[in-house]
Amino acid sequence: MEISPQEIISTVQAFPIGVQKEIVKTLQKNLKKPVYSSPSEDEIERILLANGLISEIPKRSPDKDEEHYEPIEIDGKPLSETILEERE
């Protein structure tokens, strides 16, 4: 069951003023805490490099190369079918 913000406010307003002030103080303190997001791949690589866990940041191939990708054609049945048959 989800509680709406208005329901929470109504409940808090029913408390004595001292309790309300404590709630407000706690909420304000929590709102001042920084919100962290997941680091990007570039940030992770820089951290690993700075900590000596990798010696260099690997070069990535540009996305443009992927746009021009053309699969290699082979004779016979698809390779995926061959792999599945060999697993059996």
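1. From the N terminus on, the elements of the chain follow the order α-α-α-α-α. The chain thus presents five helices and zero strands; helices (H or I, at least four residues) and strands (E, at least two) are DSSP runs, numbered from the N terminus.

2. The model is a predicted one, in which local features need pLDDT of at least 70 and side-chain atom pairs count only at pLDDT 80 or more, while totals for chains, interfaces and linings use all residues. Residues are numbered from 1 along each chain as its sequence is written, and side-chain values use heavy atoms, with hydrogens and water left out.

3. On overall dimensions, the radius of gyration of the chain is 28 Å, whereas a compact globule of 88 residues would have one near 12 Å. This radius is taken over C-alpha atoms, and the globule rule is 2.2 Å times the number of residues to the power 0.38. Along the principal axes, the C-alpha atoms fill a box of roughly 80 × 40 × 30 Å.

4. Of the 88 residues, 2% count as buried; buried means under 20% relative accessible area, exposed over 50%, and partly exposed in between (1.4 Å probe, protein chains only). The accessible surface of the chain is about 9,000 Å², and 57% of this surface belongs to carbon and sulfur atoms. Such areas come from the Shrake-Rupley method with a 1.4 Å probe; for residues, only the protein chains shown count as cover.

5. As to charge, the chain carries 11 positive and 19 negative side chains, and the centres of the two sets lie 20 Å apart. Lys and Arg count as positive and Asp and Glu as negative, without His and the chain ends; the place of a charge is NZ of Lys, CZ of Arg, CG of Asp or CD of Glu.

6. The count of salt bridges is one, a salt bridge being a side-chain nitrogen of Lys or Arg within 4 Å of a carboxyl oxygen of Asp or Glu. E85 forms a salt bridge with K77, with the closest N and O atoms 2.5 Å apart. E85 is partly exposed at 41% relative accessible area, and K77 is partly exposed at 40%.

7. A nonpolar surface patch consists of I72, I74, L79 and I83, which together have about 430 Å² of accessible area. Patches are made of residues with over 30% relative accessible area and no salt bridge: like charges are joined within 9 Å, nonpolar side chains (Val, Leu, Ile, Met, Phe, Trp, Tyr) within 5 Å. L79 lies in helix α5 (residues 79-87) and counts as exposed at 53% relative accessibility.

8. Two distances deserve attention. I57, in the loop between α3 (41-50) and α4 (63-67), is 12 residues from E45 along the chain, and their C-alpha atoms are separated by 6.3 Å. I23, in helix α2 (residues 17-31), is 63 residues from E86 in sequence and 65 Å from E86 in space, C-alpha to C-alpha.
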